[in-house]
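Subject: Structure for you to look at

Hello,

Here is the structure I promised to pass on. Please open it and keep it in view while you read my notes below.

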Amino acid sequence: MPDTGQTALLDRAGLDALVAALTADGRTVVGPTVRDGAVVLAELDGADALPWGWGTELEAGRYRLVRRDDGAAFAHTSGPQSWKSFLHPQREKLWDVDRDAAGELTVCPARNEPPSYAFLGVRPCDLRAIAIQDRVLAGGHFRDDGYAERRSGAFLIAAECTEPGATCFCVSMGSGPAAEAGFDLALTELIDTGGHRFLVRAGSAEGARILDRVPSEKGDTTTSDAARSAVDAARDRMGRAMPPMDLRALLGASPEAERWDDVAARCLTCGNCTMVCPTCFCTTTEEVTDLTGDHAERWQRWDSCFDLDFSYLHGGPVRASARSRYRQWLTHKLSTWHDQFDSTGCVGCGRCITWCPVGIDITEEVNALAEEARS
Amino acid sequence: MSTVPVPYRVIDRWDETRDTITLRLDPVGEPLAPFAPGRFAMVYAFGVGEIPVSVSSIPTDGGVAHTIRAVGAVSEALCRKRVGDAVGLRGPFGTGWQLETARGQDLVVVAGGIGLAPLRPLIRRVVADPRAYGRVNVLVGARTPADLVSRVEIRRWATAYTGVTVDHPGAYWRGEIGLVTRLLDGAQFDPGQATAFVCGPEPMIRATARDLVHRGVAADRVRVSLERNMRCATGHCGHCQLGPVLLCRDGPVIGFDRAEPLMRTREL
């Protein structure tokens, strides 16, 4: 998507007007808000619901909200959810089947009127994750129609990163901290002597159209330069990094690495990493019948390659050991994803590190694999 | 392509072995696109679920047949279907055997147990058009004589060589005993001009394909049909991964040149 070059400056009231303009267009605006001790993604009825003055403190297996003095709205890092909760929901009905008295089946695809979403505050890593799920779910020979419908109607407002967390490594995955493409609007939050404001760039015609309807000041080069340097500074403050090498080749050549046994001894195979990962797309299906026995529904729900049933074939699971399941996840993410979908499956958001109950760190594991490959 | 199951009716049903049946299915309304040998459908049992099943017959008068062994909830429900009952089908999915690329070649068709079912439509096409191929060999192995599917039909196929062997013969077996790879000695083919089609349990596929390559058949001309858990068949559920391969999309039939390193890694 081309940057239309149109920029504007919004203040807090302007951000609220932006939410109002999107809502007036019939869109469901979803963005970050503080709930239950975390920054979660939820429907917003105005910009006031954003996490003003909240930051996050992250470590492997640890997530805490912290108060900030500067009142920033986008100084938090990735929370437990990602946008896939909305574009590729946890549960989705696929079809209804009715069986009549003669035993004939009538199958109807589930018809859900998808909401027209506007996502406010999409991090560059998550923009990349959405682009990756686009390839997986809507870019192949078969298309996930539900996903494609929700996705094509979604309006994306990126928020560039100026406060990376300790578990972030987007720079080493090439997916942040700047928003370069794939957005309708991109915000950069600035808090300095010029005040608390948001530089907005339009990335699409629809973005420019919406921006025109919001009262704003024209962007100037001083503010643009300040925004650029704030994002550049974030680049140098990444908490973590992948080793600077061809990760696809490394993982492709490591199926028998000893490190898998080491990580398997710590991994609980709980699947948290797959649930919080913004690109993990795997699903399973469930058949549900009602009490009459003549109506059935087919549901799709998120699944995890860490679950024993995931690889079950008659007789037992193909991947019975924790070693093989962790290897599947990490190798898929960084290597075989390229073979299957022509891109990496990792965007460096750090969620799998933060939300691992035993603090397994994907960057530490890959660095160890690289070390083992060298020795 | 329809994304929901298309209703089909069971118009014939017969037992293959003690735990395996074949359902002959005709569309209730509009049929699915035509199947090719080696491709598969997601077969839906109302109220229970869906499983991937390769097509075991493609009758010239339309419809399709699936041969199913009762090993889980869905396959057991399908095995209980009677003539007149309804099932749902989605498909066709997968790569198929791509028999057209083997014209003029000697053929080595090797089946283990119910692995003969996905090969049956291929063999029928070959024996119906013998001048298109060189020497045709059909090698069939099963655990016991009672586990042989299509036992009568096997003997009717006009081939250069047909071999049948069992692991556990029982009292009345007069044929070969041992692994299906033993039959390769009797098969008539020029390894440099041969294409092989192999389906059965994974250890049998590995042993057979390795033996064929060892005898000089090019690994990419040894086509194997593999099996993994599948939920969607459209490349979106992630279950059928075998390393870089999505078996519903890139398989279930792949060349042994791709399959060999993947099958060598345990628990991949």
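Which residue forms a salt bridge with Lys93(A), and how far apart are the closest N and O atoms? The partner is Glu297(A), and those atoms are 3.5 Å apart. Please note that this is a predicted model.

Salt bridges

Lys93(A) sits in strand E6 of chain A and Glu297(A) in strand E14 of chain A, so their pair ties together parts 204 residues apart in sequence. Lys93(A) is partly exposed, at 21% relative accessibility. Glu297(A) counts as buried, at 19%. The cut-off for buried is under 20%.

Strand E14 of chain A also holds Arg301(A), which pairs with Glu286(A) in strand E13 of chain A, 15 residues apart. Glu286(A) is partly exposed, with a relative accessible area of 26%. Arg301(A) is partly exposed too, at 30%.

Take Asp26(B) and Arg24(B): their closest N and O atoms are 3.2 Å apart. Asp26(B) is partly exposed, at 24%, whereas Arg24(B) is buried, at 13%. Back in chain A, shared partners join Asp25(A), Arg27(A), Glu206(A), Arg209(A) and Arg213(A) into one network. Over all chains, the structure holds 53 salt bridges.

The second largest pocket

This pocket has a volume of about 840 Å³. It is lined by 40 residues. Among the closest to its centre are Leu94(A), Asp144(A) and Thr3(B). Strand E6 of chain A gives the largest share of the lining, five residues. Strands E13 and E14 and helix H4 of chain A each supply at least two. By type, the lining has 15 nonpolar, eleven polar and 14 charged residues.

Aromatic rings

There are 18 aromatic pairs over all chains. One of them is Phe40(B) with Phe93(B), a tilted pair with centres 5.6 Å apart and 40° between the planes. Phe40(B) is in strand E3 of chain B and Phe93(B) in strand E6 of chain B, so the pair ties together parts 53 residues apart in sequence. Phe40(B) is buried, at 2%. Phe93(B) is buried, at 1%.

In chain A, ring pairs link Trp83(A), Phe86(A), Tyr117(A) and Phe119(A) into a cluster. Arg12(A) lies over the face of Trp52(A), 4.0 Å from the ring centre. In chain B, Arg103(B) lies over the face of Tyr133(B), at 6.0 Å.

Best wishes

Methods:
Residues are numbered from 1 along each chain as its sequence is written. Chains are lettered from A and ligands numbered from 1 in the order in which they are written. This is a predicted model: local features need pLDDT of at least 70, side-chain atom pairs count only at pLDDT 80 or more; totals for chains, interfaces and linings use all residues. Side-chain values use heavy atoms; hydrogens and water are left out. Rings of Phe, Tyr and Trp (its six-membered ring) pair if their centres lie within 6.5 Å; planes under 30 degrees apart count as stacked, over 60 as edge-to-face and the rest as tilted. Helices (H or I, at least four residues) and strands (E, at least two) are DSSP runs, numbered from the N terminus. Buried means under 20% relative accessible area, exposed over 50%, partly exposed in between (1.4 Å probe, protein chains only). A charge sits over a ring if NZ of Lys or CZ of Arg is within 6 Å of the ring centre and within 35 degrees of the ring normal. On a 1 Å grid over the protein atoms alone, a cavity is a set of points where a 1.4 Å probe fits but cannot get out, and a pocket is an open set with protein on both sides within 12 Å along at least five of seven lines; lining residues have an atom within 4 Å of a point. Grid points are joined across faces, edges and corners, and a volume is the space filled by probe spheres set on the points. Ala, Val, Leu, Ile, Met, Phe, Trp, Tyr, Cys and Pro count as nonpolar, Asp, Glu, Lys and Arg as charged, and the others, Gly among them, as polar. A salt bridge is a side-chain nitrogen of Lys or Arg within 4 Å of a carboxyl oxygen of Asp or Glu.
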